[in-house]
Amino acid sequence: MGRDRRPPAGAPRSRREAEDSLARYIAETRLDHVDDGVTLAVERREDNLLLGTVTVWLRSIEHRQVEAGYVFHPDSGGHGYATEATRALIDFAFADLAAHRVFARTDARNTASAGLLRRLGLREEAHFREAETFKGEWGEELVFAVLAREWRPAADPA
């Protein structure tokens with residue numbers, strides 16, 4: 001989802017790379033300028049197990065555009081954790097950041113991520129073909145978005 005300086009997918013980070021990434025996350029506490037981001041840890045309530053992270057980036061101040069992203073350990077799938085955390089992140093973007101539009105990007109092959117965004121009420125707005133290389137091959141990216149005026153009905157569980 002997010003665009004940080006990571007090793008190729010599938011390659012584990014070195015200890016130094018992990019420490020650098022963590023230091024960057026800890027230092028990013030404000031959304032004052034374009035492309036500022038804040039990453040939050042997502043823990044399971046009952047045992048404080050780290051499940052993943054959610055990130056919000058300020059992409060345009062003038063146009064009130066915010067990007068939402070998330071990364072979760074595969075073992076946490078199917079329990080609603082990513083859905084709950086991403087819903088809260090989008091609520092924050094609209095209520096606290098006064099976003100007009102929130103968008104999220106995912107690899108087109110990541111059907112679980114695309115499904116999560118659809119369940120939250122985001123609409124698919126773009127399908128970029130062969131937009132980036134990933135593990136040595138061209139990948140496709142999907143972009144989903146929701147407007148502030150659309151969010152409440154979409155976010156309320158049925």
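Mentor: Let's start with confidence. Among the elements of the protein, H1 has the lowest mean pLDDT, 68, while E4 has the highest, 97. Here pLDDT is the predictor's confidence in each residue, on a scale from 0 to 100, and the elements are DSSP runs numbered from the N terminus, with helices (H or I) of at least four residues and strands (E) of at least two. This is a predicted model, so to speak of a local feature we need pLDDT of at least 70, and side-chain atom pairs count only at pLDDT 80 or more, whereas totals for chains, interfaces and linings use all residues. Residues are numbered from 1 along each chain as its sequence is written, and side-chain values use heavy atoms, leaving out hydrogens and water.

The protein averages a pLDDT of 86, and 80% of the residues score at least 70. A contact means heavy atoms within 4.5 Å.

Now the aromatic pair. A search of the whole structure finds one. The rings of Phe94 and Trp151 have centres 6.1 Å apart and planes at 40°, so the pair counts as tilted. For the cut-offs, rings of Phe, Tyr and Trp (its six-membered ring) pair if their centres lie within 6.5 Å; planes under 30 degrees apart are stacked, over 60 edge-to-face, and the rest tilted. Phe94 lies in helix H2 and Trp151 in helix H4 (residues 148-155), so the pair ties together parts that are 57 residues apart in sequence. Phe94 and Trp151 are both buried, where buried means under 20% relative accessible area, exposed over 50% and partly exposed in between (1.4 Å probe, protein chains only).

H2 turns up again with helix H3 (residues 111-119). In H3, Ser113, Ala114, Gly115, Leu116 and Leu117 are buried. The buried residues of H3 pack against E3, H2, strand E4 (101-107) and strand E6 (137-147). Just after H3, Gly121 takes a positive phi of about 100°.

Ser76 is buried, at 9% relative accessible area. A polar atom of its side chain lies 2.7 Å from the backbone oxygen of His73. Leaving aside neighbours within four places in sequence, Ser76 is in contact with Leu51 and Tyr81.

Over in strand E5 (residues 123-134) you'll find Glu125, which is partly exposed at 37% relative accessible area. Its side chain makes a polar contact with the side chain of Arg101, at 2.5 Å. A polar contact is a pair of N or O atoms within 3.5 Å; within protein, one must be able to donate a hydrogen and the other to accept it, and residues adjacent in sequence count only if both atoms are side-chain atoms. Beyond four places in sequence, Glu125 is in contact with Arg101, Val143, Phe144 and Ala145. The C-alpha atoms of Glu125 and Phe144 are separated by 5.4 Å, with the two residues 19 apart along the chain.

Also in E5 is Glu130, with a positive phi of about 45° although it is not a glycine. Glu130 counts as exposed, at 51% relative accessibility.
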